[in-house]
Amino acid sequence: MSSVLSFEDARHLVEQHAASARPRGKELVALLDSQGLILAEPVLADRNFPPFPRATRDGYAVHAADLEMLPATLQVIGEIRAGAAADATFKLQPGQAASIMTGAPAPAGSDAVVMVEYTSRQDNQVTITKTIAVGDNIVPIAAEAQRGDRLLSPGVRLDHAAIALAASVGRSRLLAYSKPRVAVLATGDELVDIDVPPTTTQIRNSNTYSLAAQIQAAGGEPLLLPIAPDEPERLRELIAEGLEADLLLLSGGVSMGKYDLVEPALAEFKAEFFFTGVQIQPGRPAVFGRIPYGAGAPARESEVNQEALKVRSFSPAGKPQKDSPALSPESHKYFFGLPGNPVSTMVTFELFAKPMLQALTGMTPKKLIFLHARLKSEIKTKPGLKRFLPATLSGEFEQTEVELVRWQGSGDIAATGTANCYIVIPPDRDRIAPGEWVPILMR
Ligand code: AMP
Ligand code: MG
């Protein structure tokens, strides 16, 4: 069984399935605890923004028409501070000005604010040396938003700017989507957990921890399962446990080795496989599929979904085949089998598992975008696969450069210690010259 897709087709396929994924529920959270959660309600303006014509500079509120002949000398009739009560302001008559502070209400009869830099004051006279247009340095009532306008929509990730908006409309609590639970199952006979001293040939399980961190960063709650040995029965038991979560991520056991048992084990749960490989490096053996809801116990041998094992053929337009079973979003659990090499696991999470997880958080779907940076030193590579190679972006301000880190392949976890991004190399390139702009995926 194999269905190997191009990177773009694989990504689009995940995005299409993600479009039908639904979050688990909603909960009311304190504004200060809402950072990183996904908003589950619209946030509306409770008043006009600004609620009064707001001065945006320190200076003098004036009638612009009084400044046609320069220098103009006006009579200062008072001062308006930020927060001044509405009835503490006054009405300007022609020839008059009021001293005003940033954030204060512009008085009736004024239509502009002259910056203090263009004025000189003597007692109750101010001399102004610059003309001004009607409306300058005053934001009119409701110019930013009208009472009742939608300031934030459900699906937005609550970052500091969204939290500021909620605060500005007086929302101390917000309705947010509950975090999806993501089961993490590392597989491999050679693995030991991090508090167990490994023998010479054993490897500490790092993928469970990198995935847990990536899940948290993407807004999910990781559920760490014990390490699964390369042995079908225990692997099945742990997969069944993992299917209790909203999403199941497995690492390792998806290559062509004799003890790569993950796909056959999933097939016993009547799994439907959407792809079993992607033309990328690292991460070529990545697997994506779903299991019908309630298939918590492995099917008996006779019930194994032989059809699914053959893998649904993929339509180039990127649409799931018409003959896919018409399952409602709640009727199955999605899973990803991520290749076990540490860098492969990290990269394939970012590229494929993350959009599905984000959909389960309730987040409005986002396209994957690559930034660009100038290449510092030449890259030579074999064409054929799209590559995501660990790299270092350095420099300062507008001057940034990126270069590959030396690595020994996708098992080289030490190389990730100095890297801070990946250079994306198209499959048709064998050489990229220094100075070229290259796409990068930030870590
Ligand atoms: P696999 O994908 O199972 O063929 O594993 C590929 C490589 O990744 C092997 O060298 C494994 O020892 C290593 N590996 C697999 N799982 C993990 C893990 N959880 N933590 C660290 N290394 C792993
Ligand atoms: Mg393995």
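Which residue in S23 does Arg 290 stand opposite? Arg 290 faces Tyr 334.

The model is predicted, and local features need pLDDT of at least 70, side-chain atom pairs count only at pLDDT 80 or more, and totals for chains, interfaces and linings use all residues. Residues are numbered from 1 along each chain as its sequence is written, chains are lettered from A and ligands numbered from 1 in the order in which they are written, and side-chain values use heavy atoms, without hydrogens and water.

**View 1. The open sheet.** Six strands follow the order S17-S14-S18-S23-S22-S19, with mixed pairing. Strands are DSSP runs of E with at least two residues, and helices are runs of H or I with at least four, numbered from the N terminus; two strands pair if DSSP finds at least two bridges between them. Strand S17 (221–224) and strand S19 (272–275) are at the edges with a single partner strand each, so one side of each has no neighbour in the sheet.

**View 2. The pairing of S22 with S23.** Strand S22 (residues 287–292) and strand S23 (residues 332–338) run antiparallel and are joined by six bridges. Helix H1 (residues 7–18) packs on the sheet and touches S19, S22 and S23, where contact means heavy atoms within 4.5 Å.

**View 3. Helices H3 and H7.** The axes of helix H3 (residues 207–217) and H7 come within 10 Å and cross at roughly 30 degrees. Axes are lines fitted to C-alpha atoms, for helices over the stretch in contact, and angles run from 0 to 180 degrees between N-to-C directions. H3 is therefore roughly parallel to H7, a term for angles under 35 degrees. Residues of H3, including Leu 211 and Ile 215, meet residues of H7, among them Met 346 and Phe 349.

Methods: Parallel < 35°, antiparallel > 145°, perpendicular 65-115°, else oblique.
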